[in-house]
Amino acid sequence: MGETGQDTADPVRMTAWVRGRVQGVGFRWWTRARALELGLAGAATNLSDGRVEVVAEGPRERCEELLSQLKGGATPGRVDGVVETWAQCRGSYTGFAER
């Protein structure tokens, strides 16, 4: 059981806003590859303010692994900060898209 009383295998939705030099450097492609390796569904989207929004749905521990990789320093470009929120999985994604 996780901290919230939910089984860590229960699907969740993690939304992360990544700021830094993350547009035009292959960041969304890299994020998609990592998410697919983890078996997550979702999307990585360029925002008009220069950030990338990453939405991932799947088991919490796998979403946490993706979040760790986003913050880990091995990404393309340069990540200056990541802010994330957690919610219930909506099941609205199939595969992982770059937008």
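This is a predicted model: local features need pLDDT of at least 70, side-chain atom pairs count only at pLDDT 80 or more; totals for chains, interfaces and linings use all residues.
Colleague: Is cysteine 63 buried or exposed, and what is the relative accessible area of cysteine 89?

Modeller: Cysteine 63 has a relative accessible area of 0% and is therefore buried. The term buried applies under 20% relative accessible area, exposed over 50%, and partly exposed in between, with a 1.4 Å probe and protein chains only. Cysteine 89, at 29%, is therefore partly exposed.

Colleague: What makes α1 and α2 roughly parallel or roughly antiparallel to each other?

Modeller: The angle decides. The axes of α1 (residues 27-37) and α2 (residues 60-71) come within 10 Å and cross at roughly 150°. Axes are lines fitted to C-alpha atoms, for helices over the stretch in contact, and angles run from 0 to 180 degrees between N-to-C directions. Under 35 degrees counts as roughly parallel, over 145 as roughly antiparallel, 65 to 115 as roughly perpendicular and the rest as oblique. The two helices are therefore roughly antiparallel. The helices themselves (H or I, at least four residues), like the strands (E, at least two), are DSSP runs numbered from the N terminus.

Colleague: In which kind of crossing does α1 pass α2?

Modeller: The crossing is right-handed. That name is given if the near helix is turned clockwise from the far one by less than a right angle, and left-handed if anticlockwise.

Colleague: Which residues make the contact?

Modeller: From α1 come Phe27, Trp30, Thr31, Arg34 and Ala35, and from α2 come Leu66, Gln69 and Leu70. Contact means heavy atoms within 4.5 Å. By class, this contact has five nonpolar, two polar and one charged residues. Ala, Val, Leu, Ile, Met, Phe, Trp, Tyr, Cys and Pro count as nonpolar, Asp, Glu, Lys and Arg as charged, and the others, Gly among them, as polar.

Colleague: Why is arginine 34 called buried?

Modeller: Its relative accessible area is 16%, so arginine 34 is placed in the buried class. Arginine 34 touches Leu66 and Gln69, not counting residues up to four places away in sequence. The buried residues of α1, including Phe27, Trp30 and Ala33, pack against β1 (11-21), β2 (41-46), β3 (52-59), α2, β4 (78-88) and β5 (96-98).

Colleague: What follows α1, and is leucine 40 buried or exposed?

Modeller: Glycine 39 follows α1, and its phi is positive, near 75°. Leucine 40 is in the loop between α1 and β2. Leucine 40 is buried because its relative accessible area is 3%. Beyond four places in sequence, leucine 40 touches residues including Ala35, Arg62, Cys63 and Leu66.

Colleague: What makes threonine 15 count as buried and tryptophan 86 as partly exposed?

Modeller: Threonine 15, in strand β1, has 11% relative accessibility and therefore counts as buried. Tryptophan 86, in strand β4, has 27% and therefore counts as partly exposed. Leaving aside neighbours within four places in sequence, tryptophan 86 is in contact with residues including Met14, Cys63 and Leu67.

Colleague: How do you know that glycine 42 counts as buried?

Modeller: Glycine 42, in strand β2, has 1% relative accessibility, so it counts as buried. Not counting residues up to four places away in sequence, glycine 42 touches Val55, Ala56, Tyr93, Gly95, Phe96 and Ala97.

Notes:
Residues are numbered from 1 along each chain as its sequence is written. Side-chain values use heavy atoms; hydrogens and water are left out.
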